[in-house]
Amino acid sequence: MTDTELSVIMTRFELAYISNFKYGETKRNYYCGITNDLERRAKEHNANFILTKEMKSFEEAKIVEEALHEKGYYTGKQLGNGDEDTVHVYMYKIIPGVTIE
């Protein structure tokens, strides 16, 4: 993945954050992660994804997840977990008492 491709992907996630932002929130109110099964992951988190992006490889998915973490988004305790099938990057808004981190 080139720097330009990463920049475009990061811009999409930043725009998703901005379009869903409510006064008083921070990027830590938004969970970002990677998975090999979006439907299963949405059920596990009890969440509606704001944005998903399918990457070409697990390595690319990890790069994007790490970049989101560096930008201040909440990524949980297992940054970079997965296997070669883990190519989906996702974001959802954390709703206390509803979503599961």
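Trainee: How many salt bridges does a search of the whole structure find?
Mentor: Six. Keep in mind that this is a predicted model.

Trainee: Why is the contact of Lys-93 and Glu-25 called a salt bridge?
Mentor: The cut-off is 4 Å between a side-chain nitrogen of Lys or Arg and a carboxyl oxygen of Asp or Glu. Lys-93 and Glu-25 have N to O at 3.3 Å. That is within 4 Å, so the pair counts.

Trainee: What does the pair Lys-93 and Glu-25 tie together?
Mentor: Parts that are 68 residues apart in sequence. Lys-93 lies in strand S3, whereas Glu-25 sits in the loop between helix H1 and strand S1, so the pair links the two. Both Lys-93 and Glu-25 are buried.

Trainee: What makes Glu-44 and Arg-40 a salt bridge?
Mentor: Their closest N and O atoms are 2.9 Å apart. The limit is 4 Å, so the pair qualifies. Both residues are in helix H2, four residues apart, which means about one helical turn separates them.

Trainee: Why is Glu-44 called partly exposed?
Mentor: Its relative accessibility is 36%. Buried is under 20% and exposed is over 50%, so a value in between is partly exposed. Arg-40, at 33%, is partly exposed too.

Trainee: Which residues are linked in a network of salt bridges?
Mentor: Arg-40, Arg-41 and Glu-44.

Trainee: How do you know that Lys-62 and Glu-59 form a salt bridge?
Mentor: N to O is 3.5 Å. That is within 4 Å, so the pair passes. Lys-62 and Glu-59 are three residues apart in helix H3. Glu-59 has 48% relative accessible area. Exposed needs over 50%, so Glu-59 is partly exposed.

Key:
Residues are numbered from 1 along each chain as its sequence is written. This is a predicted model: local features need pLDDT of at least 70, side-chain atom pairs count only at pLDDT 80 or more; totals for chains, interfaces and linings use all residues. Side-chain values use heavy atoms; hydrogens and water are left out. Buried means under 20% relative accessible area, exposed over 50%, partly exposed in between (1.4 Å probe, protein chains only).
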